[in-house]
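Q: Could you take a close look at one part of this protein for me and walk me through how it sits in the rest? I'd like the local picture before the overall one.

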Amino acid sequence: MSINVTRSSMPTYEEYCEEIKELWDSRWLTNMGVKHKQLQKQLEEYLDTPHVTLYTNGHLALENILEAMGFPKDSEVITTPFTFVSTTNAIARNGLVPVFCDINDVDYTIDVDKIEALITDKTVAIMPVHVYGNMCDVEAIKRIADKHGLKVIYDAAHAFGVKYKGISSANFGDASMFSFHATKVYNTIEGGAVCYQDDSYVQKLDDMKSFGLFGEEGRYIGGNAKMNEFQAAMGICNLRHIDGEIAKRKAAVERYRERLGGIEGIRLCAEQADVVSNYAYFPVVFDGYKYDRNEVFSRLKEQEIIARKYFYPLTNSFECYRDYDTAGVEKTPVASYIADRVLTLPLFADLSREDVDRICDIILN
Ligand SMILES: *Cc1c(COP(=O)(O)O)cnc(C)c1O
């Protein structure tokens with residue numbers, strides 16, 4: 001039987017139908033209706049954070065929060081190329097310049113020792129990524145940002161529900177973006193949110209995601225990025241089950257670790273100290289193993305098991321960034337090394353122990 005790299009978490013059909021019933025009766029389908037309000041409140045509680053602004057996807061949440069910060073055009077934002085291209089595009093689409101910092105060799109988040117060398121008088125912000133749900137070194141990043149007067153916006157698309165020293169991943173930096181895409185740990189079909197402490201963003205983001213209108217007044221040149229009621233209803237259902245889904249992912253990850261840990265040439269991410277994980281992804285680096293990454297990928301594919309070369313290629317190698325002075329994988333050698341060797345294995349709540357074993361057997365034999 002084929003196994004995909006991921007499989008969306010869903011409520012039962014009956015549970016979702018029950019949740020959307022009142023939408024049929026009210027005929028209020030979008031524009032911050034009851035489900036939108038309810039989900040926003042529930043997420044503020046679940047993520048233990050003062051403000052959540054909901055979006056129709058995570059990417060537009062990232063674009064909007066950057067725009068709301070109002071940086072001058074051509075300002076520089078330090079980020080990593082070892083991410084989904086959304087991070088880099090959100091910077092560039094705001095007329096800002098992505099400056100690519102390398103990642104560290106341990107958890108593949110931004111290498112905090114290489115950030116300061118990239119700061120210029122044009123730098124306005126740092127946009128690190130909690131890749132695979134691994135938390136960045138939030139303390140070091142805060143020290144650097146405070147010292148140089150920079151904003152910090154986390155791409156926390158992978159870090160829903162993660163905690164560091166008991167603090168929700170939503171509460172670090174000036175803002176954090178979560179993606180609720182169907183493939184993520186928690187989904188609203190498509191969807192996303194930005195979380196932040198500063199009260200002044202609440203009205204601004206609400207206006208910006210709805211054409212920049214405040215009543216009849218055009219305050220910003222906004223687009224349309226509202227989450228609709230059916231997305232919110234899916235989110236309300238999925239939030240009821242999230243802790244159970246994460247516990248099931250944990251069991252799959254523990255089995256992977258038992259089978260693949262301690263094998264020469266296979267590198268697993270160590271569990272991070274002081275972090276409560278959401279088990280979002282299971283990245284494996286094949287470095288000096290009897291098969292290289294591409295061979296493992298192909299052997300799994302022959303058995304209809306789809307792993308993912310995530311993140312490969314790096315965004316600083318993309319054709320659309322070729323004309324940026326900051327592009328080029330040679331500037332980020334660790335990211336380049338890992339991108340050539342990493343594979344994320346199938347991982348989702350309903351992945352059975354037998355399937356994990358089958359995947360490991362193919363890799364090991
Ligand atoms: C999924 C993802 C995004 C984009 O989120 P969408 O909800 O799909 O728009 C951004 N950054 C990272 C790292 C992601 O994995």
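A: Strand β8 is joined to strand β9 (residues 192-196) by five bridges, and the two run antiparallel. In this pairing, Phe178 stands opposite Ala193 of β9. A word on the terms: strands are DSSP runs of E with at least two residues, helices are runs of H or I with at least four, and both are numbered from the N terminus. Two strands count as paired if DSSP finds at least two bridges between them.

β8 has another partner too: strand β5 (residues 151-155) pairs with β8 in the parallel sense, over three bridges. Here Asp155 is the residue standing opposite Met177 in β8.

By the way, this is a predicted model, where local features need pLDDT of at least 70 and side-chain atom pairs count only at pLDDT 80 or more, while totals for chains, interfaces and linings use all residues. Residues are numbered from 1 along each chain as its sequence is written, and side-chain values use heavy atoms, with hydrogens and water left out.

Now for the side chains. In a regular strand they alternate between the two faces of the sheet. In β8, Ala175, Met177 and Ser179 point one way, Ser176 and Phe178 point the other way, and all are buried. Buried means under 20% relative accessible area, exposed means over 50%, and partly exposed is in between (1.4 Å probe, protein chains only). Since five of the five residues of β8 (residues 175-179) are buried, the strand is largely enclosed by the rest of the structure.

Zooming out, the protein has 10 helices and 15 strands. Of its 365 residues, 54% are buried. A compact globule with 365 residues would have a radius of gyration near 21 Å, and the protein's 21 Å agrees with that; the radius is taken over C-alpha atoms, and the globule rule is 2.2 Å times the number of residues to the power 0.38. Along the principal axes, the C-alpha atoms fill a box of roughly 65 × 55 × 40 Å.

Contact here means heavy atoms within 4.5 Å.

Asn238 is buried, with a relative accessible area of 6%. Leaving aside residues up to four places away in sequence, Asn238 touches Ser9, Met10, Pro11, Tyr186 and Asn187.
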